[in-house]
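Please find below a short note on the model under review. The sequence and structure are shown first.

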Amino acid sequence: MMPADRLTTLEIRAAEQEKTIEELSGQIAEQWTVIERMQRKLDALTDRFLALEEQSAPDVPVTKPPHW
């Protein structure tokens with residue numbers, strides 16, 4: 001293989017890798033957006049669950065069990 005052919009092959013590979021890196025970077029950015037949205041929803045659901053749990057919890061007095 002001639003040195004010019006090797007150089008061309010390396011340039012093609014570098015260009016393909018650069019494209020792949022850009023695509024992966026875009027996918028990571030999209031996934032991060034989804035993760036942040038899911039985290040906000042999870043936080044909201046957690047707050048809602050805790051609020052509902054507080055509302056439904058009976059006011060049970062703290063007493064010692066009979067065997068004490």
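The numbered points that follow cover the basis of the model, its fold and extent, its surface, and its charges.

1. This is a predicted model, in which local features need pLDDT of at least 70, side-chain atom pairs count only at pLDDT 80 or more, and totals for chains, interfaces and linings use all residues. Residues are numbered from 1 along each chain as its sequence is written, and side-chain values use heavy atoms, with hydrogens and water left out.

2. The protein chain contains one helix and zero strands (DSSP runs of H or I, at least four residues, and of E, at least two, numbered from the N terminus). Its radius of gyration is 29 Å, whereas a compact globule of 68 residues would have one near 11 Å (taken over C-alpha atoms; the globule rule is 2.2 Å times the number of residues to the power 0.38). Along the principal axes, the C-alpha atoms fill a box of roughly 95 × 30 × 10 Å.

3. Of the 68 residues in the protein chain, 0% are buried (under 20% relative accessible area; exposed is over 50% and partly exposed in between, with a 1.4 Å probe and protein chains only).

4. The chain has one salt bridge, defined as a side-chain nitrogen of Lys or Arg within 4 Å of a carboxyl oxygen of Asp or Glu. The partners are Lys-19 and Glu-23, at 3.9 Å from N to O. Lys-19 and Glu-23 are separated by about one helical turn, because they lie four residues apart in helix H1 (residues 3-56). Lys-19 is exposed at 53% relative accessibility, while Glu-23 is partly exposed at 44%.
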